[in-house]
Amino acid sequence: MSDAMSHEVFINGKWRVGGSRATLPVINPATEKVFASVASATVSDLDEALASAELSRKGWSSRPAKERGEILAAAARILATKIEAAARDLSAEQGKTIAEAAGEYARAVETLEWNGTHAEELSAPIPMGPNRMIVPEPLGVVAAFTPWNYPAVLIARKLAPALAAGCPVILKGAEEAPSAAVHIVESLHQSGIPDGVVNLVFGVPVHISRHLLSSPIVKVLTFTGSTAVGKQLATLAANNLQRCILELGGHSPVIVCEDADLGKAVPAISEYKFECAGQSCNAPSRILVARTLYDEFLSRMTEAARKIRIGLPDDAATDMGPMANARRIEAMQRLTKDAVERGARIETGGARLDRPGFYWPPTILTGVPKDARVLHEEPFGPILTVAPFEDIEEAIEEANATDYGLAAYLFTGAADAQKMMINGLSAGAVSVNYLKGVSADAPYGGVKQSGYGYEGGELGVRSFQILKMVNGLGSFG
Ligand code: NAD
């Protein structure tokens, strides 16, 4: 395996570094110092990855799905043994706490396991009465592009279903947080995955995506990241009509109704919002509170935000580490300044911490005018807006007033109100009386500018399959 401090590319079953490959620095966001590097794939690396993936395709797709599943299950067991060390690497390069990183790896293991367990059943023909059936077939080589916020679980959510379906993958890991890709690919390698079936590259994202997507070998594009980049990739994919699965940004509302139990709602929001310093696509970012509860909610939420212990991500006493990179700090500054200039009030936080590292404190903004950028651009950081509403229709309208539609949350025990909101909210996922993210067994996908296609569960595997409809004049067999 590659040295922990110098991450390599993995092509056709071999780790590679050096040669004419440039290296990119990896920065520790808690110190702002370079502490590792990652090899940048050359054009010939990319061509070799394409050729080896294509060469491995027939063998992998015709291998019994049960055996593909067993390899995934074995990789899950191997990855589980690495969690402690891998979580330290992830925390150092991303800034999340070690507990958060270990929790993320546990979900990556679970995702590999789930897809391993279900590979056979989801590759089996689906009968449609006596004379018809659907035969699932793997679509072919997948180009997977993954971001730096949850590099372990987001890689698992792409690799595991694609491999279970019988597709080889060329994965571009996140250059800023590369170790998760290395640990997961190495686990697959150790579990006996054939050469060429998984390839890992890093480099200048735009060069890599352009090169891979211009190849007719690639049949599927799967990407998690910003809406802007998702659209660029979908445009490139249009030339070869590659299937796209796009998990893009979010700007998730939480509706707190007048009967909500604040003793449950406030800690749940605080815990989920400030995980990974708010850099989750489905983190809540706009809280709408029934007018009668507004003052009490704001006071409790502000107190909860102030209690978050900010510190070094490898200190067990830390609740929230730094943001992942300087771009996020600039975004927090820009969004806060814009809101305040338009008349918003800062209840807590609102300025970068005066210490080394990309630290931005939990920030709550109130009185935010509707045209403020923070209500429309994905904050992707520890900023929350809080606003009152008069009735549920107004709350739904406000909740839907962004271009995004990934997740929405609501707190109420009233069945009618729950029904109205579940039906009225434009979101791929709605959670009632708690906050929940992705899970291995359930589909997750956005609407509007949050993307299209699904990851997770059965639909996650189907995303990488052709569902061949077979009509028989007589009976089969
Ligand atoms: P960005 O849009 O430049 O990059 C996001 C991710 O996409 C990065 O991992 C990057 O390496 C990758 N990427 C960028 N250009 C690419 C290309 N041409 N081909 C392939 N991959 C490419 O933005 P950023 O500054 O890194 O992140 C900030 C924004 O990205 C956030 O505001 C958020 O909207 C979004 N984001 C979303 C998620 C998510 O989970 N949906 C994750 C990370 C970032």
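Modeller: Axes are lines fitted to C-alpha atoms, for helices over the stretch in contact, and the angle between N-to-C directions runs from 0 to 180 degrees. Two packed helices are described by that angle and by the distance between the axes. Keep in mind that this is a predicted model.

Biologist: At what angle do the axes of helix 2 and helix 4 cross?

Modeller: Helix 2 covers residues 65-94 and helix 4 covers residues 151-165; their axes come within 12 Å and cross at roughly 170 degrees. Angles over 145 degrees count as roughly antiparallel, and helix 2 and helix 4 are therefore roughly antiparallel to each other.

Biologist: Which residues make the contact of helix 2 with helix 4?

Modeller: Helix 2 contributes Arg 68, Leu 72 and Leu 90, while helix 4 contributes Pro 151, Ala 160, Leu 163, Ala 164 and Ala 165. By class, seven of these residues are nonpolar, none is polar and one is charged.

Biologist: How is helix 3 placed against helix 4, parallel or antiparallel?

Modeller: The axes of helix 3 and helix 4 are 9 Å apart, and the packing angle is about 10 degrees. An angle under 35 degrees counts as roughly parallel, so helix 3 is roughly parallel to helix 4. On the helix 3 side the contact residues are Glu 104, Tyr 105, Arg 107, Ala 108, Thr 111, Leu 112, Asn 115, Ala 119 and Ser 123; on the helix 4 side they include Val 153, Ala 156, Arg 157 and Ala 160. The contact divides into 11 nonpolar, three polar and three charged residues.

Biologist: Take one residue of that contact. Is Thr 111 buried or exposed?

Modeller: Buried means under 20% relative accessible area. Thr 111, in helix 3 (residues 98-123), has a relative accessibility of 4% and therefore counts as buried. Leaving out neighbours within four places in sequence, Thr 111 is in contact with Val 153, Ala 156, Arg 157, Ala 160 and Ala 440.

Biologist: What does Ser 61 touch?

Modeller: Ser 61 sits in helix 1 (residues 43-62). Apart from residues up to four places away in sequence, Ser 61 touches Arg 68, Pro 138 and Gly 166. Ser 61 and Pro 138 are 77 residues apart along the chain, yet their C-alpha atoms are separated by 6.4 Å. With 26% relative accessibility, Ser 61 counts as partly exposed.

Biologist: Now the backbone. Where does Cys 276 lie?

Modeller: Cys 276 is in the loop between helix 8 (262-274) and strand 14 (284-290). Its phi is positive, about 55 degrees, although Cys 276 is not a glycine. Ala 277 lies in the loop between helix 8 and strand 14 as well, and phi of Ala 277 is also positive, near 50 degrees. Cys 276 has 2% relative accessibility and counts as buried; Ala 277, at 2%, counts as buried too.

Biologist: How many helices and strands does the chain have?

Modeller: There are 13 helices and 23 strands. The radius of gyration is 23 Å, close to the 23 Å that the globule rule gives for 477 residues, so the chain is as compact as a globular protein of that length. Along the principal axes, the C-alpha atoms fill a box of roughly 65 × 60 × 40 Å.

Biologist: What share of the residues counts as buried?

Modeller: Of the 477 residues, 58% count as buried. The accessible surface comes to about 18,800 Å², and 54% of it belongs to carbon and sulfur atoms. Among contacts between residues at least 6 apart in sequence, 74% join residues at least 24 apart.

Key. Residues are numbered from 1 along each chain as its sequence is written. This is a predicted model: local features need pLDDT of at least 70, side-chain atom pairs count only at pLDDT 80 or more; totals for chains, interfaces and linings use all residues. Side-chain values use heavy atoms; hydrogens and water are left out. Helices (H or I, at least four residues) and strands (E, at least two) are DSSP runs, numbered from the N terminus. Angles under 35 degrees count as roughly parallel, over 145 as roughly antiparallel, 65 to 115 as roughly perpendicular and the rest as oblique. Contact means heavy atoms within 4.5 Å. Ala, Val, Leu, Ile, Met, Phe, Trp, Tyr, Cys and Pro count as nonpolar, Asp, Glu, Lys and Arg as charged, and the others, Gly among them, as polar. The radius of gyration is taken over C-alpha atoms; the globule rule is 2.2 Å times the number of residues to the power 0.38. Buried means under 20% relative accessible area, exposed over 50%, partly exposed in between (1.4 Å probe, protein chains only). Accessible areas come from the Shrake-Rupley method with a 1.4 Å probe; for residues, only the protein chains shown count as cover.
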